[in-house]
Amino acid sequence: MKFTRRGALAVLALSTALGAAPHAALAQNAEKPKLTLGVGGKQLLYYLPLTVAERKGYFKDQGLDVEINDFGGGAKSLQALVGGSVDVVTGAYEHTIRMQAKGQDIRAVIELGRFPAITIAVRKDLADKVKSAADFKGLKIGVTAPGSSTALTAQYAMVKAGLKATDAAIIGVGAGASAVAAIKQKQVDLISHLDPVTSKLEADGDIVSLIDTRTEAGTKALFGGSNPAAVLYLKNDFAEKNPVTTQKLVNALMKSLKWLETAKPEDVAALVPEEYLLGDKALYIRAVKNSQESYSRTGIATPDAMKSMYDSLKLLDPELTNSNVDLTKTFIDSFAKKAASGS
């Protein structure tokens, strides 16, 4: 049988996609070495594994040239993927469920965060009146962007407390200094946000936290179980056409997760760009400590965690209440398994 070079490469790519030896992807060139990645609020600790991969050169080590476009909110980066202006996205896992329910085959390939790491807090001057999500009616809630995980978490908390998701105004305040300013200038009454914004406002005495999903206990208190948070997601046909590229992306991010397992918060603060620190390095270090428990240890979302997320979305969104999404189609775990095994 005549075996052409093209045929050999095709077999190698297929064997990688189907779970062949983990070193196979490293031995090959990426089908798409230059690609664009979308993210919604890159400086947030929610997306720290992405920044680690970028700053430590892990993408370059894999032979990839990754251009990162920061859209300031997760819903916007999802729109960019659907519209074709980015190839892949680091964003909230829940978007894969929503898109599958709409018949769009978007899947996660590695879990970066195992807990949402979102804190919902009230302005300190309103703390005597607002004690729980049941008191949010008629208030303004600051989030990274409407439709993003910060917004959905706040709305879920309201629905769980007996309110409607529309009972409070959802206001996009961005991901960094603008979010801090929104509370300090009383543009919003509550904030549903992430570190380092949350830790900054806590340290300054501007907020009182009501719900905190940076820890396993806090996540279970709200959702009843662990919830996948940040993931790398993409269109399934991208993974099928570019299995080596996808594996290399996952390899780089898995290396970030492994580095974060043992890194000191001071190491993280020294690695990230200066603007991430919000002018207070000591506070950023504290924020990293607060968030360290939230990062994935395996890169793989568990079936129970995926179901917990789906159940919460069903409660929140009438469009999903009677949906029947096959959760195995929301997460391709073969890439993360190969990356974890040493590729």
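**A pocket and its aromatic neighbours**

Let's begin with what surrounds the largest pocket: its lining residues divide into six nonpolar, three polar and four charged. Keep in mind as you look around that this is a predicted model. The lining comprises 13 residues in total, and those nearest the pocket's centre are Arg-98, Met-99, Lys-102, Asp-317 and Glu-319. The volume of this pocket comes to about 230 Å³.

Helix 6 gives the largest share of the lining, with four residues.

Next, turn to the aromatic rings. Searching the whole structure turns up two aromatic pairs. One of them joins Tyr-46 and Tyr-47 in an edge-to-face arrangement, with 4.9 Å from centre to centre and 90° between the planes. Both Tyr-46 and Tyr-47 are buried.

The other pair is Tyr-156 with Phe-223: their ring centres are 5.0 Å apart and their planes meet at 15°, so this pair counts as stacked, the cut-off for stacking being planes under 30 degrees apart.

Finally, have a look at where lysines meet rings. Lys-314 places its charged end over the ring of Tyr-310, at 4.5 Å from the ring centre. Likewise, the charged end of Lys-338 sits over the ring of Phe-335, and here the distance to the ring centre is 5.3 Å.

Definitions and conventions. Residues are numbered from 1 along each chain as its sequence is written. This is a predicted model: local features need pLDDT of at least 70, side-chain atom pairs count only at pLDDT 80 or more; totals for chains, interfaces and linings use all residues. Side-chain values use heavy atoms; hydrogens and water are left out. On a 1 Å grid over the protein atoms alone, a cavity is a set of points where a 1.4 Å probe fits but cannot get out, and a pocket is an open set with protein on both sides within 12 Å along at least five of seven lines; lining residues have an atom within 4 Å of a point. Grid points are joined across faces, edges and corners, and a volume is the space filled by probe spheres set on the points. Helices (H or I, at least four residues) and strands (E, at least two) are DSSP runs, numbered from the N terminus. Ala, Val, Leu, Ile, Met, Phe, Trp, Tyr, Cys and Pro count as nonpolar, Asp, Glu, Lys and Arg as charged, and the others, Gly among them, as polar. Rings of Phe, Tyr and Trp (its six-membered ring) pair if their centres lie within 6.5 Å; planes under 30 degrees apart count as stacked, over 60 as edge-to-face and the rest as tilted. Buried means under 20% relative accessible area, exposed over 50%, partly exposed in between (1.4 Å probe, protein chains only). A charge sits over a ring if NZ of Lys or CZ of Arg is within 6 Å of the ring centre and within 35 degrees of the ring normal.
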